[in-house]
Amino acid sequence: MKFSELQALLKPWMMPAAIMLGFLFHSEISVLEWIIPYLIFTMLLLTFCRIEPRHLRFDRTMWLLLCIQLGGALPVYFLLRGFNVSVAQSAMICVLCPVATAAPVVTGLLGGNIGRVAAFSVISNIGVSLAAPLIFAWVAPRGEMSFFSEFMEIASRVAPMIILPLLVAFGLRFSLPSVHRRLAAAAPVAFYLWSCSLIIVVGRSVSFIMAEPASYWPVMGAMALVAAVICVLQFVVGKYVGRRMGDSISSGQSLGQKNTILAIWMAMAYLNGVASVGPAAYVIWQNMFNSWQIYRRTRRR
């Protein structure tokens, strides 16, 4: 069996296997939480190495999607805060999170414009790197620090992890093209790094859940349910906005398919840790939605 055939055979099982491993070995795996930022950096670097700078064209639709992504986070938070603060934080991070590194791949399978999703991933990640520290410092202040000090502390950790891979990728393209070509060719490795990250973040989330009293389980169930509603709404709104440009698929994936690994890490690092249940559930909902979309397209063809 060729490696490409083995890869195609294993890919559909990677996500459920990663979730299962994270669930079964959460106590042992959760101690690896410190490695998540490095995995995110590497995944983004490999993804950005595949982007051609000359293909980065930003139109009004992309800016509108970015406004919905960044501008919709706080209204969702304030809407749900009266019900439960942790649920509100969980929902907020599901909206604020940037587009997934795998979104261009799924967009291609659905017949959308890969270049548009790749371009949006650039402004989406930059936008989050600027907005997230401000939002987190306001929504979840840590009493012992001033607002400005907390904002700078969060920015110093989040911004380099998101923006630096883009700068390194573009820098290598012009200064070390041979290294850049090798990294671009290795882009499929990002999927396996994502699987490893998923094992760790699921393990960390399960550890949080196990540490909570049984009385808190209904709240975590509410987080999962709210994540499902937000997931469907973001795909639907993205498709609606994209129809104006004649490309509903790309816009739907840009707004709906999220980098949930980054979302879970940010929730655990800067919000109430149990809020990571929302983006953890979002992983499942968005993959179910994508599977349904791919199934429909396959049947039509």
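Helix axes are lines fitted to C-alpha atoms over the stretch in contact, with angles running from 0 to 180 degrees between N-to-C directions. Helices are DSSP runs (H or I, at least four residues), numbered from the N terminus. This is a predicted model: local features need pLDDT of at least 70, side-chain atom pairs count only at pLDDT 80 or more, and totals for chains, interfaces and linings use all residues. Residues are numbered from 1 along each chain as its sequence is written, and side-chain values use heavy atoms, leaving out hydrogens and water.

**Helix packing**

- Helix 4 (residues 60-71) and helix 5 (residues 73-81) have axes that come within 4 Å and cross at roughly 30°.
- Helix 4 and helix 5 are therefore roughly parallel to each other (angles under 35 degrees count as roughly parallel, over 145 as roughly antiparallel, 65 to 115 as roughly perpendicular and the rest as oblique).
- Helix 4 makes the contact through Q69, L70 and G71, and helix 5 through A73, L74 and P75; contact means heavy atoms within 4.5 Å.
- By class, this contact has four nonpolar, two polar and no charged residues. Ala, Val, Leu, Ile, Met, Phe, Trp, Tyr, Cys and Pro count as nonpolar, Asp, Glu, Lys and Arg as charged, and the others, Gly among them, as polar.

**Aromatic pairs**

- The structure holds seven aromatic pairs. Rings of Phe, Tyr and Trp (its six-membered ring) pair if their centres lie within 6.5 Å; planes under 30 degrees apart count as stacked, over 60 as edge-to-face and the rest as tilted.
- Y77 and F78 are an edge-to-face pair, because their ring centres are 5.3 Å apart and their planes stand at 70°.
- Y77 is buried at 5% relative accessible area, whereas F78 is partly exposed at 37%. Buried means under 20% relative accessible area, exposed over 50%, and partly exposed in between (1.4 Å probe, protein chains only).
- F289 and W292 form a tilted pair, 5.7 Å centre to centre with 55° between the planes.
- F289 and W292 sit three residues apart in helix 15 (residues 277-300), so about one helical turn separates them.
- F289 is buried at 17% relative accessible area; W292 is partly exposed at 43%.

**Nonpolar core**

- The largest nonpolar core has 91 residues. Such a core is a set of buried Ala, Val, Leu, Ile, Met, Phe, Trp, Tyr and Cys residues joined through side-chain atoms within 4.5 Å.
- Helix 8 (residues 114-139) gives the most to this core, with 13 residues.
- I40, M92, F136 and W265 have the most contacts inside the core.
- F136 touches M92, I93, L96, P141, I154, M266, Y270 and L271, not counting residues up to four places away in sequence.

Notes. Helix = DSSP H or I, 4+ residues; strand = E, 2+ residues; numbered from the N terminus.
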